[in-house]
Every structure is written in C-alpha cells, then in structure tokens.
Amino acid sequence: MENEFDPSATAHVDLQFEEVFPEIRLEADKFELWFQPVYELATGKVLHNEVLVRWRDAQGNLRQPQELLMVLQNTQLLYQLDRIVVEKSIQVLAQQPKVTVSINLSDEIFADQKFPHQLHQWLSKYNVAAKRISFEVGESILCQMKLQAIAFITELKMIGCSIVIDDFTGKYFSLSQLQELPISMIKLDRSFARQPLALDQKKLAIAIAYTSKVFQKHCIVKGIDDKSSLQFANELGVKGVQGYSLSQPQDNPKTFGLISLLISRIIASTIAILILLYIFKSLMGIDLFKDRHAWEVISDFFESIFGGK
C-alpha cells in the first residue's frame with residue numbers, strides 16, 4: 001500500500017528535478033507504469049486497468065505520485081508526461097492483447113494540437129485498436145476548459161477511444177448535461193465511497209447512478225476501501241468498482257476477474273475448515289464424517305470443483 005503523502009519531502013524532490021530538469025523531456029524510462037483494475041460489479045470480471053505513473057529516484061525508491069505532480073505542476077512538462085504515459089501504455093497493449101486501459105490526461109494536453117495525430121500514429125505503429133483505450137478527464141478540468149477540452153476529447157472519440165469523466169461530483173455539470181458530453185463512463189468522486197454519507201450526498205449519488213443508466217453511460221465507484229463502501233456500490237447498482245480493498249496498484253495489468261479471487265478464497269477457507277474438522281475428530285474422537293477419512297472428503301471436494309461433478 002502506498003505511504004501517506006509527506007509534503008515536507010517535496011522540497012527535496014524539487015531540487016532533484018531541477019538538477020535533471022532537461023532530461024525529463026527525453027528519458028521516458030525514468031517513469032514506470034503501474035495498474036489498478038476496475039471490476040465489473042455484477043460479474044467480478046476486469047473491465048479495464050487504470051494506468052498510474054510512478055517515478056524512481058536515483059536511489060531506486062518509488063516516489064509517490066503526489067510528489068511527481070507537485071514537482072511538474074506549472075512547468076509545462078505535464079503534457080510531455082502525458083505523451084510518455086500514452087505511448088508506454090500502447091506498447092503494453094501491443095504485448096498483452098487481452099488488456100484494456102484507461103489513461104488520465106492533464107489539463108496541459110488540451111493545448112497540444114498534435115497529440116490526436118500522434119496518438120493515431122502510435123496506434124498504427126504498434127497495431128493496437130483505439131477501442132482498447134479510454135482517456136480520463138477530471139470534471140473540474142473539463143469545466144474550466146470546456147470548449148477546448150470538449151473539442152479535444154471529441155477528436156479522441158472520433159479516433160475510436162472512449163472518454164471517462166473522472167472525480168464526478170455534480171458541482172460543475174448538471175445531470176442533464178451528462179447526456180450532451182461525449183463521454184461513455186462516469187467515475188464518481190471518491191468522497192461518495194466514504195461511509196456513512198450525509199443524506200444529501202447519498203441522494204445525489206443515487207441520482208447520478210440512475211441518470212447514467214438512463215443516458216446509457218457506465219458509472220464507476222472508486223475508493224472502495226472497505227465492506228461498507230462496496231455495499232453502497234451494490235445498492236447504487238453501478239457498472240464497476242475500484243479500490244484498494246479490491247486490488248492495490250501493481251506493475252502489471254490484471255486480466256483475471258475478482259470472481260477468481262473470491263473462488264480461490266472460498267476453496268482455501270473450505271480446506272481450512274475441513275482440516276480443522278479433521279483435527280477436531282482426531283482430538284475429540286467424534287466421527288464427523290461417518291466413518292470416512294477427512295482427506296477423502298477433501299479429495300472429493302476438489303474433484304467436484306475441478307472434475308465437473
């Protein structure tokens with residue numbers, strides 16, 4: 001799990017970046033891609049992996065994303081980082097045909113008029129279908145740069161990519177405006193996952209989830225960090241969920257669904273129970289298996305799971 005962000009460490013990171021500032025434009029290998037899956041709530045399958053960028057310092061320590069963003073803020077380098085992350089992501093997709101990803105875009109990328117053409121070239125170069133990529137844009141950014149941003153993401157959508165409005169709170173766009181935006185997915189702000197919610201917040205979340213269904217746009221709840229937030233997502237009936245309690249970020253995209261993890265836990269728990277029953281029988285002398293050896297029961301259990309019984 002990532003450590004808590006320590007603002008006191010930022011000054012040190014600033015100095016490090018100033019010393020190698022020109023290299024940031026050229027050395028894409030300074031940055032690593034990490035991935036966190038978004039799961040379909042109904043089936044547990046992976047909908048896509050969100051791409052997260054990480055940076056290792058000279059000592060090989062993995063730095064926190066907040067530090068990286070604070071250092072690059074207002075440097076006019078964020079759009080270059082966007083390009084690095086997008087090309088690296090497409091390279092991953094070329095190597096792993098079953099993977100789909102969502103990539104966060106900074107506000108600086110909207111001024112990069114050459115990016116859509118470059119994106120098309122990367123997709124052709126690595127032979128990757130555009131539909132395997134979604135781009136995430138924050139609600140506040142979309143509002144602040146509305147005309148420029150909408151024109152930009154519309155062009156990306158015409159290429160074949162999907163657009164996600166991220167950190168959605170309903171403060172900047174009314175629910176009726178969601179229908180007009182060229183988006184296919186709504187990611188609720190993580191504040192909606194913090195339980196218990198105030199009544200007004202709960203009603204707003206219900207309204208957003210319902211409206212997204214009416215407008216045929218998928219709704220995702222992120223920040224699922226405990227059972228109560230997962231239960232609330234179930235109550236909302238959203239398309240997908242994402243959070244640390246489901247899967248922490250890792251350096252490779254996940255392709256197997258959450259249901260696989262649940263099944264493996266059920267099997268492990270069942271084995272543990274059978275072993276405890278066997279020990280109980282041995283210690284107490286009580287025949288819990290009706291003259292059958294406990295290991296025969298375990299064997300039959302596995303055969304019924306994997307042998308089609």
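**Helix packing in the predicted model**

The crossing of α7 and α8 is right-handed (the near helix is turned clockwise from the far one by less than a right angle). The structure is a predicted model, in which local features need pLDDT of at least 70, side-chain atom pairs count only at pLDDT 80 or more, and totals for chains, interfaces and linings use all residues. Residues are numbered from 1 along each chain as its sequence is written, and side-chain values use heavy atoms, without hydrogens and water.

Helix α7 spans residues 199-214 and helix α8 residues 227-236 (helices are DSSP runs of H or I, at least four residues, numbered from the N terminus). Their axes come within 10 Å and cross at roughly 50 degrees (axes are lines fitted to C-alpha atoms over the stretch in contact, with angles from 0 to 180 degrees between N-to-C directions). In α7, Lys202, Ala205, Ile206, Ala209 and Lys213 meet Phe232, Glu235 and Leu236 of α8 (heavy atoms within 4.5 Å). This contact has five nonpolar, no polar and three charged residues (Ala, Val, Leu, Ile, Met, Phe, Trp, Tyr, Cys and Pro count as nonpolar, Asp, Glu, Lys and Arg as charged, and the others, Gly among them, as polar).

The axes of α4 (residues 115-125) and α6 also come within 10 Å, crossing at roughly 20 degrees, which makes α4 roughly parallel to α6. Phe115, Pro116, Leu119 and Leu123 in α4 meet Phe152, Glu155, Leu156 and Ile159 in α6; by class, seven are nonpolar, none polar and one charged.

Met145 lies in the loop between α5 (139-144) and α6 (146-159).

Methods:
Helices (H or I, at least four residues) and strands (E, at least two) are DSSP runs, numbered from the N terminus. Angles under 35 degrees count as roughly parallel, over 145 as roughly antiparallel, 65 to 115 as roughly perpendicular and the rest as oblique.
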